[in-house]
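Please walk me through this model in the viewer, one selection at a time. Say what to pick and what is found there.

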Amino acid sequence: MSKKEYEHGTAKTAPRRGPGAGGPPGTRPGEKAKDFKGSIVKLLKYNKAVLPLMGVALVLSFLTSIFTIISPDKLKEMTAEIEKGLIASIDMQAIGNIAVFLVVIILLGAVFGYLHSVLMAIVTQRVSRKLRNEISEKINVLPLKYFDNTTFGDVLSRVTNDVDTVAHTLNQSATQLVNSITLFVGSLLMMLLTDLTMTITAIVSSLIGFVLMSLIMASSQKYFLGQQKYLGDLNGHVEEIYAGHMVMKAFNGQKKEGIAFDEVNKKLADSAFKAQFLSGLMHPIMGFVGNLGYVAVCVVGAILTINGKIDFAVIVAFIMYIRYFTQPMTQIAQAATNLQSTVAAAERVFEFLEAEEMEDESHKETILKGEDVIGNISFEHVKFGYHPDKIIIHDFSAQAKSGEKIAIVGPTGAGKTTLVNLLMRFYEVNEGNISIDGVPVANLTRENVNDLFGMVLQDTWLFEGTIRENIVYGKEGITDKRLDEVCKTVGMLHFIRTLPKGYDTVLNDKVNLSAGQKQLLTIARAMIEDAPMLILDEATSSVDTRTEVLIQEAMDRLMQGRTSFVIAHRLSTIRNADLILVMKDGDVIESGTHEALIQQNGFYAELYNSQFEKVG
C-alpha cells in the first residue's frame, strides 16, 4: 500500500536503479516509428536552430558528390586524348588542362567533405546536448506517479541510448542519404548522357545484386531482432544472478542458473550466427555484383567499340560510373533503416519530454523560512490513493505539536510511508488538508516544503564523491569543525580519521562501507541539514543493536526542539515518543503514548508483544 521510499526523486534523495536498471536496450535495430512523417516534422521543428548549419553541411555533401560524379567524365576526356595520341601526336596541353581540372575538383571535394564533417559534428553535439539538458530538467518537474509507471531503466535508456541514436544516426543517415541519392541519380544521368546501351547493361547487372541484397535483408532482419532480444535476456540474467550471487550460492542454485544461462546463450548464439552469416553474404554478393557489372560493361563495351558505336574512353568512364551506381543502393537501404531507428528513438524522447508535468508553482508567494517555523503540523481528514479508484488512506486526521516526536507504526502496507510522501508533497492529497503552522502545504512550493524537513530513509543513498560531499549534500559553507561535531555524534569520526584522506576520501568500489556505516553517513547528512522538522523512516534498521543505541541517543539530541516523524518497525526505539499513531489499512486505529497504548491492550500492544515473544 505504501510505496517504497524511493520511487521518489527529490532534492533530498535520488532514485535507486530500479529492476533491470541496465534498462531496456532502448531503440533496437529495425525498430520502426509509429508516425514516421509526423515524427520527422517534429524532429525538424525541434532542431530548427541548427537547421541552417545542417543545410550548409548537406549542400557541401551534395557538392562533394557532384565533384565525384564529374571525375569519370573528365577521365573519359583524358583517355580520349591519349587514344587520339596513339594515332597522331598526344596533345599534352589538353591532357594537362584536364589533369589540373581533375586535381582542383578532387581537392575541392576533399575540402567540402572536411567542412561538412566539422559542421555535422557541431550539429550532432548541439542536438544531443540540448536533448540531454531538457531531459535532465524534465526529470525534476515530472510527478512521481510517472516513475511509478515507468522503470528507471527505461528513463536511463531514453537519456543515453535514444539520445545517442538520434544524434549519431541523424548525422550519419542524413549525410549518407544525400551522398547516396546524389551519386545514384547523378551517375545514372551521366551514364544516360554518355551511352544508352551501356547504361542499360549497368542497370540490369546492378538490379541482380539489388534483388539478392533485398532478399538477404528480409531474411536476416528477424535474426537481428532475435539477437537483440536474446542479448537483452542474457544481460538481464547475468545482472540478476550477480546481484543475488550470495543467495544463489546459499541455496545451491548454481546448476539451475547454469542451465538457464546455457539456454539463453544458445538461443543468442544461434540467432547471432544466422544474422552474421546472412549479413556476411552482403559484402561478397555486392563484390560479385560489382565485378559482374565491370565484366558486363567491358564485354558489351568491347562489342560496341569493335562495331564502332563507342570509343574506348566510354568504357573507362562506365567502369567508374557503375561503382557509383551500385554502391549507393546498399547505402540508401542502410540509411533508410537507420532513419527509422532514429525517428523511433526521437518518438521515445519526445514522449518523455511531452509527459505531463507537475503544476507550475511560480505564482505562489507564501514562503516559510526555517528559522521562523514553529513546527505545528496538522492532518485534517486526509484522503489519498496512488490511483483514484484505489483509496488507501480513507480519513486521516492528526495533530503534531511543536517539538513533539510522532511515531507512526503498523504492519507492512498500512500507509505509514504514504503519510510521509504526502507531508513532503511527493504526492498531492485527493481530499483534505495538511498544514504547517496553519499554512496549507498546498500553498507552499514543493521546494519550500522540502527545505523544512531533514530526512533519513531506510534505503541509503550515497553517490560517488568524497565523504565530505556526501555529508554536506545541498549545503554550503560547512566547516571541518562542524563536520567533526556531527560525525562524532553519530559515531563515525574515528572511522573517517582512519581513512587515508579523511573527509576527502572518495566513496567508490575501493572503499568498503558496511550497511550500517552508510546509514550513519545519511544520518550525519540530516544533522548537517539542520532543518526545523525531521522525518526518520526506519533510520536504524541497518545497524547492530549497540550502534542502534548510540544512534538513538544521537537522534534524540537531534530531535530536541524539532517536530519529528518516526516510522519504525522496531517498536522498542519509539517508546519515548510523545505520540504514537497506530495505522492499519490506511486508517489510524489507535493513538497515544507507549504506556497508554500498552494499557489499552489493543492492536499496538499485540504488535509490541509479538516482537518480544519467545519461540518454543
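**Stop 1: strand β2**

Select F396, which sits in strand β2 (residues 393-400). Keep in mind throughout that this is a predicted model. F396 counts as buried because its relative accessibility is 1%, and buried means under 20%. Now show its surroundings: leaving aside neighbours within four places in sequence, F396 is in contact with F379, E380, H381, V382, L419, L581 and V588.

**Stop 2: helix α12**

Move to N470, in helix α12 (residues 467-471). Is N470 buried or exposed? N470 is buried, with a relative accessible area of 1%. Beyond its neighbours within four places in sequence, N470 is in contact with L462, F463, G465, L507 and R525.

**Stop 3: helix α15**

Select residues 515-529, helix α15. At 1.5 Å a residue, its 15 residues should span 21 Å, and the end C-alpha atoms are 21 Å apart, so the two values agree. Colour the helix by accessibility: 13 of the 15 residues of α15 are buried, leaving the helix mostly covered.

**Stop 4**

Select C298 and C487. C298 is partly exposed, with a relative accessible area of 33%, whereas C487 is buried at 1%. How many disulfides are there, taking sulfur atoms within 2.5 Å as the rule? The count comes to zero.

Methods:
Residues numbered from 1 in each chain as written. Predicted model: local features only at pLDDT ≥ 70, side-chain atom pairs only at ≥ 80, totals over all residues. Heavy atoms only, no water. Helix = DSSP H or I, 4+ residues; strand = E, 2+ residues; numbered from the N terminus. Buried < 20%, exposed > 50% of the residue type's maximum accessible area, 1.4 Å probe, protein only. Contact = heavy atoms within 4.5 Å. Expected span 1.5 Å × (residues − 1). Disulfide = S-S within 2.5 Å.
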